[in-house]
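Here is a set of questions and answers on helix packing and aromatic contacts. Please take the structure first.

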Amino acid sequence: MPIGPARMPLLEHLGELRMRLVRIVACLFIGVVVFYMATPTIGQFLLDPVQEFLKEGPNGTVDMVILDPFEAFSVRFKISIWAALVACSPVVLWQLLAFFLPALKPKERKWFMPTFVVGVLLFIFGVVFCYLIILNPAFQWLTDQATGLGTIQPRLSTYIDIIIKFEIGFGIAFELPLVVFYLVIFDVIPYKKLRNMWREIYVGLLIFSAMVTPDASPITMALMFAALIGLYEVSLLISRVVLAKRIKQQNEELALEESDGA
């Protein structure tokens, strides 16, 4: 896909943005149409990690409540949108990065393809991590809250909505290493400050984990918090190895500023 020139009039920039948004919407639309026909299979796949907390129907699938035909349509539509978003994530990320690429310096453009590949892999890794590690303990905790109060009548739209929010939330949260990497490479926040501010950043990640997780489960929040801390530390380590010269230059500039201030 072509990359626009570095300098363009404002209207041409807006035109390019519109073109890339049209491509994203078109890709998602095609994905929704394709995956809509397969929503029963995808829905059963999404519910598989929490199947032990649900009743099994006569045909071997989970037995859940659907209140009306409109709810059935909305659930299938949500599932198809989620599947299209995951499947089209490479196209979406490519179009967004390609729009901002002309603003980068020639030395910074070399990070474009690695950023694209890593960004897609991190999003997918976050979705898979949520599916395999998070969903089961989260729903176990939520289900246990009904003990002594009543019997849960699982409603399909509610379960699917929560699962999709979990998946997308973790997929976006796992982009943290890219954020840290570019904070360092673009001199927004020097590596030394990111390293020294670990207490404040840990608190921020804890608050972020509480906001992103769609349930009130401390288990879910703790798992996301632990994953984000691991990603943050790994991203700092990778930045220190890959951007050793840049970090050395940043440290020298910080030392010079501190000496001038003294």
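Q: At roughly what angle do the axes of H7 and H11 cross?
A: This is a predicted model, where local features need pLDDT of at least 70, side-chain atom pairs count only at pLDDT 80 or more, and totals for chains, interfaces and linings use all residues. Residues are numbered from 1 along each chain as its sequence is written, and side-chain values use heavy atoms, with hydrogens and water left out. Helices are DSSP runs (H or I, at least four residues), numbered from the N terminus; axes are lines fitted to C-alpha atoms over the stretch in contact, with angles from 0 to 180 degrees between N-to-C directions. The axes of H7 and H11 come within 11 Å and cross at roughly 25°.

Q: How does H7 lie relative to H11, roughly parallel or roughly antiparallel?
A: Angles under 35 degrees count as roughly parallel, over 145 as roughly antiparallel, 65 to 115 as roughly perpendicular and the rest as oblique. The crossing angle of H7 and H11 is roughly 25°. That makes H7 and H11 roughly parallel.

Q: Which residues of H11 make the contact with H7?
A: Contact means heavy atoms within 4.5 Å. From H7 come Phe-166, Gly-169, Phe-170 and Ala-173. Their partners in H11 are Thr-220, Met-224 and Leu-228.

Q: What is the handedness of the crossing of H3 and H7?
A: The axes of H3 (residues 69–87) and H7 (residues 156–173) come within 10 Å and cross at roughly 15°. H3 and H7 are therefore roughly parallel. A crossing is left-handed if the near helix is turned anticlockwise from the far one by less than a right angle, and right-handed if clockwise. For H3 and H7 it is left-handed.

Q: Why are H10 and H11 oblique to each other?
A: The axes of H10 and H11 lie 9 Å apart. Their crossing is right-handed. H10 and H11 are oblique because they pack at an angle of about 135°.

Q: Are Tyr-202 and Tyr-232 buried or exposed?
A: Buried means under 20% relative accessible area, exposed over 50%, partly exposed in between (1.4 Å probe, protein chains only). By that rule, both Tyr-202 and Tyr-232 are buried.

Q: What is the geometry of the Phe-125 and Phe-129 pair?
A: Both residues lie in H6 (residues 112–144), four residues apart, about one turn of the helix. Phe-125 is partly exposed, at 45% relative accessible area. The ring centres are 6.4 Å apart and the planes at 45°, so the pair is tilted.

Q: Which residues do ring pairs link into a cluster?
A: A search of the whole structure finds 13 aromatic pairs. Ring pairs link four phenylalanines into a cluster: Phe-125, Phe-129, Phe-170 and Phe-174.

Q: How many of the 10 residues of H8 are buried?
A: H8 spans residues 176–185 and is mostly covered. Its buried residues include Leu-176, Phe-181 and Ile-185.

Notes
Helix = DSSP H or I, 4+ residues; strand = E, 2+ residues; numbered from the N terminus. Phe/Tyr/Trp six-rings, centres within 6.5 Å; stacked < 30°, edge-to-face > 60°.
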